[in-house]
Amino acid sequence: MGKPSGAALPPVILVTAFDQFALRAFDAAAVDYLTKPIKVALLKQRTRNILQLTRLTRDLRASEERLRLVMEATGEGVWDWNIRSDIVDFSVTLTKILGYTTKESASNQSAWREHLHPEDRERVLQAFFDHLE
């Protein structure tokens, strides 16, 4: 039994006497498992955690969809730089605004720097790093 694509599934906790069934259960949409004998307090806590995670995930998806619609409607481009991993993510709109294909967009800060016009590079980088401080 596989997961239906695009369908919202209720959280499933497998209760089993055998650990080896757990991996198969995850393939069939289980989100957690408990082995027998069942500890009621543990079952309640895991159920609360899973329900909370399910609600948060649903809310996050709705928020992301609203943001996507706003970004699409306004034609705004966005980029996000994860400083720790040095990965830069450009929105599709920003990539189009800059005249690049998705494959051409910068994937890290160094690559982004290379996209700056040589006459602007020093000034832009100075303002950028001043802002980070």
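## A buried aspartate and its partner

At 17% relative accessibility, Asp32 falls in the buried class, in a model that is predicted. The side chain of Asp32 forms a salt bridge with that of Arg46, with an N to O distance of 3.3 Å. Because Asp32 belongs to strand S2 (residues 30-35) and Arg46 to helix H2 (residues 40-74), this pair ties together parts that are 14 residues apart in sequence. Arg46, for its part, is partly exposed, its relative accessible area being 26%.

## Pairing between Arg58 and Asp59

A salt bridge also joins the side chains of Arg58 and Asp59, where the N to O distance is 3.4 Å. Arg58 is exposed, with a relative accessibility of 51%, whereas Asp59 is partly exposed at 41%.

## A pair within helix H5

In helix H5 (residues 118-132), Asp120 and Arg123 are 3 residues apart, which means that about one helical turn separates them. Their side chains meet in a salt bridge at 3.3 Å, N to O. Here Arg123 counts as exposed at 55% relative accessibility, while Asp120 is partly exposed, with a relative accessible area of 32%.

## Shared partners and the overall count

As a general point, side chains of opposite charge can pair when their charged atoms come close.

Definitions and conventions: Residues are numbered from 1 along each chain as its sequence is written. This is a predicted model: local features need pLDDT of at least 70, side-chain atom pairs count only at pLDDT 80 or more; totals for chains, interfaces and linings use all residues. Side-chain values use heavy atoms; hydrogens and water are left out. A salt bridge is a side-chain nitrogen of Lys or Arg within 4 Å of a carboxyl oxygen of Asp or Glu. Helices (H or I, at least four residues) and strands (E, at least two) are DSSP runs, numbered from the N terminus. Buried means under 20% relative accessible area, exposed over 50%, partly exposed in between (1.4 Å probe, protein chains only).
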